[in-house]
Amino acid sequence: MFVRVQGLVQAVGFRPFVYGLATDLGLCGWVRNTSAEVEILLQGQNGAIKDFLARLKQDAPALARIDAISTEPGSSAKRQTERYREFTILPSEEQKGKRQGVQPIAPDAALCSDCEQELLDPADRRYLYPFISCTNCGPRFTIIQDLPVDRQRTVMQAFPLCPTCQTEYENPLDRRFHAQASACPVCGPHLTLYGRKTGQARGPAPTDLDLDALLTARRLLHEGKIIAIKGLGGFHLACDAENPTAVAELRHRKNRPDKPFALMAADLEQIKNICQVSDAEAALLQGSEKPIVLLKKNT
Ligand SMILES: [Zn+2]
Ligand SMILES: [Zn+2]
């Protein structure tokens, strides 16, 4: 059976998911990304193939969105008649000019709960590493340069994986199997804090790295300073919302005398101290998009 899947199916952990599903059902064949879709060749029991197609829709990864599935017999259309003995992920196939209007690009996704746990676990090798991500979370849209999505077609190509990350990337049982944005403190990007040095023609110089940068930024925020944070999709300016002088300075610099600013909070409990939160709003705040949500102020 030859299967084509269209929709939001690249850079969302779809190939690892297909791999897991096929192996689970004892099916052989392969899966690959093309510029326009995901292609799957299945060989095995008819019942297992039927189950595969049902679960393909039902159990798809959280960030995926399947728009269309089409099937044809594996032997038709000059598909390989070769017998496969296992299921594999094939290298992606680039098809020039085929992607326009067909293949949507997955949006960036906020930190998932598994990664958050690792982030805060002192025993984990990504403890407090700001660029932590996995197949279910992290940047997509912002880092993808072209389709089909593979690491060499994202900005992450500048950060070759270290041996440990490479092992995770190649292990079908790992949360970071084929996770294109995977990184760690050894091989991934680092945080740098730049200070504004007046009178320096060459611009700002890096002052601190990683944890030092974070701690210094926190201290500066406490002192009422304004920090520009370069995030995935651009910069945002931050200051201590409880410091009226800092907020006034930010309003002045941004020329925003009245318009509300977005507030950042550590968790839902903290938000509830300030605002009313309905169940629907709580779901939005904690979902994979983590958008800015307009809430009613507590009275
Ligand atoms: Zn994650
Ligand atoms: Zn690494």
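Is Asn33 buried or exposed? Select Asn33 and take a look: Asn33 is buried, with a relative accessible area of 2% (buried means under 20% relative accessible area, exposed over 50%, with a 1.4 Å probe and protein chains only).

Before we move on, this is a predicted model, where local features need pLDDT of at least 70 and side-chain atom pairs count only at pLDDT 80 or more, while totals for chains, interfaces and linings use all residues. Residues are numbered from 1 along each chain as its sequence is written, and side-chain values use heavy atoms, leaving out hydrogens and water.

**Stop 1: around Asn33.** Colour residues 28–33, strand β2, and you'll find Asn33 there (strands are DSSP runs of E, at least two residues, and helices runs of H or I, at least four, numbered from the N terminus). Leaving aside neighbours within four places in sequence, Asn33 is in contact with residues including Gln10, Arg15 and Val149 (contact means heavy atoms within 4.5 Å).

**Stop 2: helix α5.** Now select residues 210–222, helix α5. Show Asp210, Ala213, Thr216 and Ala217, the buried residues of α5. Seen down the axis, they fall within an arc of 125 degrees, so they line one face of the helix (the arc is that of directions from the helix axis to the C-beta atoms). On the other side, Arg218 and His222 are exposed. After α5 comes Gly224, with a positive phi near 90 degrees.

**Stop 3: two domains.** Finally, colour domain 2 (107–188) and domain 3 (192–297), whose bounds come from an automatic or database domain assignment. Their C-alpha centres lie 24 Å apart, and seven residues of domain 2 are in contact with five of domain 3.

How values were computed
Chains are lettered from A and ligands numbered from 1 in the order in which they are written. The expected span of a helix is 1.5 Å times one less than its number of residues.
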